[in-house]
Amino acid sequence: MASRLVQLQSKATQASQLVAKHGTSYYKQLMEQNKQYIQEPATIEKCNELAKQLFYTRLASVPGRYEAMRKEIDYVKQLWKNRQDMKVENLGIAALFGIECYAWYCAGEIVGRGFTFTGYYP
């Protein structure tokens with residue numbers, strides 16, 4: 001156990017030395033490649049303006065999203081009406097999708113409970 005700890009410590013030291021040596025050059029390269037997205041000067045007012053632009057841009061996309069949701073619901077209703085014509089393969093895919101959604105829900109509940117399977121902490 002102690003030898004594994006020493007190995008892990010030496011690998012962590014090597015990684016930190018690598019980041020210290022090449023981290024600044026990577027940062028500079030990344031900033032140079034994406035300089036068209038940087039707003040100068042970076043002031044509080046500019047940040048607030050960008051936040052408002054993002055908020056209202058996303059708010060403007062709500063009607064399109066709502067319409068897409070309505071189309072999806074109509075498609076599911078149509079499938080439900082013609083469920084006798086569905087293939088077993090499609091039903092299996094739908095069942096697996098439902099099971100996957102439920103599994104992700106359960107995983108989220110476990111994480112929310114602090115990685116316990118029974119109850120929440122008081």
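This is a predicted model: local features need pLDDT of at least 70, side-chain atom pairs count only at pLDDT 80 or more; totals for chains, interfaces and linings use all residues.
User: What makes the lining of the largest pocket nonpolar, polar or charged, residue by residue count?

Analyst: Happy to go through that one! The lining divides into 8 nonpolar, 1 polar and 1 charged residue. The classes work like this: Ala, Val, Leu, Ile, Met, Phe, Trp, Tyr, Cys and Pro count as nonpolar, Asp, Glu, Lys and Arg as charged, and the others, Gly among them, as polar. Residues are numbered from 1 along each chain as its sequence is written, and side-chain values use heavy atoms, with hydrogens and water left out.

User: Which helices supply at least two residues each of that lining?

Analyst: Those are α3 (62-81) and α4 (88-112). Helices here are DSSP runs (H or I, at least four residues), numbered from the N terminus.

User: Why is the contact between K46 and E49 called a salt bridge?

Analyst: The term asks for a side-chain nitrogen of Lys or Arg within 4 Å of a carboxyl oxygen of Asp or Glu. For K46 and E49, the closest N and O atoms are 3.9 Å apart, so the pair qualifies. Both residues lie in helix α2 (residues 44-60), 3 residues apart, about one turn of the helix.

User: How many salt bridges does the structure hold?

Analyst: There are 3. One of them joins E32 and K35, with the closest N and O atoms 2.9 Å apart, and the side chains of E109 and R113 meet in another at 3.5 Å, N to O.

User: What makes V62 part of a nonpolar patch?

Analyst: Patch residues need over 30% relative accessible area and no salt bridge, and nonpolar side chains (Val, Leu, Ile, Met, Phe, Trp, Tyr) are joined within 5 Å. V62 has 43%, so V62 passes the area cut-off. V62 is found in helix α3, and the patch also includes F55, Y56 and L59. Helix α2 gives the most, with 3 residues.

How values were computed
Patches are made of residues with over 30% relative accessible area and no salt bridge: like charges are joined within 9 Å, nonpolar side chains (Val, Leu, Ile, Met, Phe, Trp, Tyr) within 5 Å. Accessible areas come from the Shrake-Rupley method with a 1.4 Å probe; for residues, only the protein chains shown count as cover. Buried means under 20% relative accessible area, exposed over 50%, partly exposed in between (1.4 Å probe, protein chains only).
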